[in-house]
Amino acid sequence: MFNRQRSTTSSPQDQPAGKRARTADEPPAAVAPEHAPPPEAETVPPLAPPDYRGAVLDRFGGRAATWSLRLLLVSAALLVFFWVLGKVWDITLPILLALLLSTVLAPVAGFLRRFMPAAAAAGLTLLAGIGALVALGFALAPQVSGQWGEVVDAASDGVVKVQDMLSEEPFNVSSSQIDQGVDKFVEELQGNAGSIAGGVLSGVSTASSLLVTALIALVLCFFFLKDGNKFIPWMSGLVGPNSSTHTAEMALRSWTALSGFIRAQALVGLIDAVAIGAGLLVLDIPFALPLAVLIFFGAFIPILGALVTGVLAALVALVTNGLTSAIIVVILVLIVQQLEGNVLQPILVGRTLDMHPALVILAVTAGGSLAGIIGTFLAVPALAVYTAVFRYSREQLELAAQERPPTAT
């Protein structure tokens, strides 16, 4: 009678997959609106740009501080070295003079060693060298010492004459601007004429100390000539096997640089003295022999020695023979110096003493301020030895850098 109706409810089994019917005790689920906005994403603050300028400044400041500390340490070491050198100068000076004299006499001693014992060869060479110096001194001393005062007076008069020429047309330089400097120069030149003539005696206080220094230098020179070939093995044995090779090479290079400088400068000075002295004789300028001797010794002080001796010769020519002769002397000196710098020095010295002229001037100035004329004479040989050692050290560092295995990345 009654029609059976289909139930509107469905069992849980009849529900679609993933859905479940809500029971009576469950709260109604929140229905998300159809167009609800997406949930807000979590905000992250942007990264600050890297401070490149600060990093560069920090790196630069660190390097500057490191090099400043190194410079201070090197400066302190140099100050200590020169302080100690000044304290033991009476011992150091004979050693240096003996080394320089040995560089000149070593070839002769080496030749004689082939025919006689080493002691006899060294003694004979030393006696021959002393005899040659004494003979040369006796030959030149009377003329040079007798004319040196006149040379100084002529140079002083030349300075005054140059001052008068500058105060006239076309220069019109006020004499008051240069009076003070000229007067001081003339006073120094006249007052120190004796010390200039015996300039090699600077730094030695008395004649007795000079005699002691000369005797010690000669004795040391004898031993250097006799046992010079034994010093390098002896030094190598002192430093040990790890450093013996480097010590021997640096000593050999230092000796080569020192002997090369002395021989080359002696030959260059002789050529300069002969060429300029001959020119002075042709121009009939007085005191040609003293000026030639001064030019020879001035060649051992590169650049500054040639400049001073050339100016002195020009001043003497100006006073004795007039402006034309002075100009010719200046041209002659310039030609000889150009020949020396562009031809003689590269051939005789080569790259062994390839030093910038600025370094030479600084070395000569520093040596003169520290030890007078002896310092100016010894400055460039010391710089030559330092340059040889520095170049060898740089070569070894470059070889070590090339042999170092590449680092793993």
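Helix α7 (residues 241-282) and helix α11 (residues 357-403) have axes that come within 9 Å and cross at roughly 145 degrees. Here axes are lines fitted to C-alpha atoms, for helices over the stretch in contact, with angles from 0 to 180 degrees between N-to-C directions. Helices are DSSP runs (H or I, at least four residues), strands are E runs of at least two, and both are numbered from the N terminus.

This is a predicted model, in which local features need pLDDT of at least 70, side-chain atom pairs count only at pLDDT 80 or more, and totals for chains, interfaces and linings use all residues. Residues are numbered from 1 along each chain as its sequence is written, and side-chain values use heavy atoms, leaving out hydrogens and water.

Which residues meet? Among them are Met-250, Ala-257 and Phe-261 in α7, and Val-385, Ala-388 and Tyr-392 in α11; contact means heavy atoms within 4.5 Å. The residues of this contact divide as follows:

| Class | Members of the class | Residues in the contact |
|---|---|---|
| Nonpolar | Ala, Val, Leu, Ile, Met, Phe, Trp, Tyr, Cys, Pro | 11 |
| Polar | the others, Gly among them | five |
| Charged | Asp, Glu, Lys, Arg | three |

After α7 comes Asp-284, with a positive phi near 60 degrees.

Now for the whole chain. It has 11 helices and zero strands. Of the contacts between residues at least 6 apart in sequence, 73% join residues at least 24 apart.
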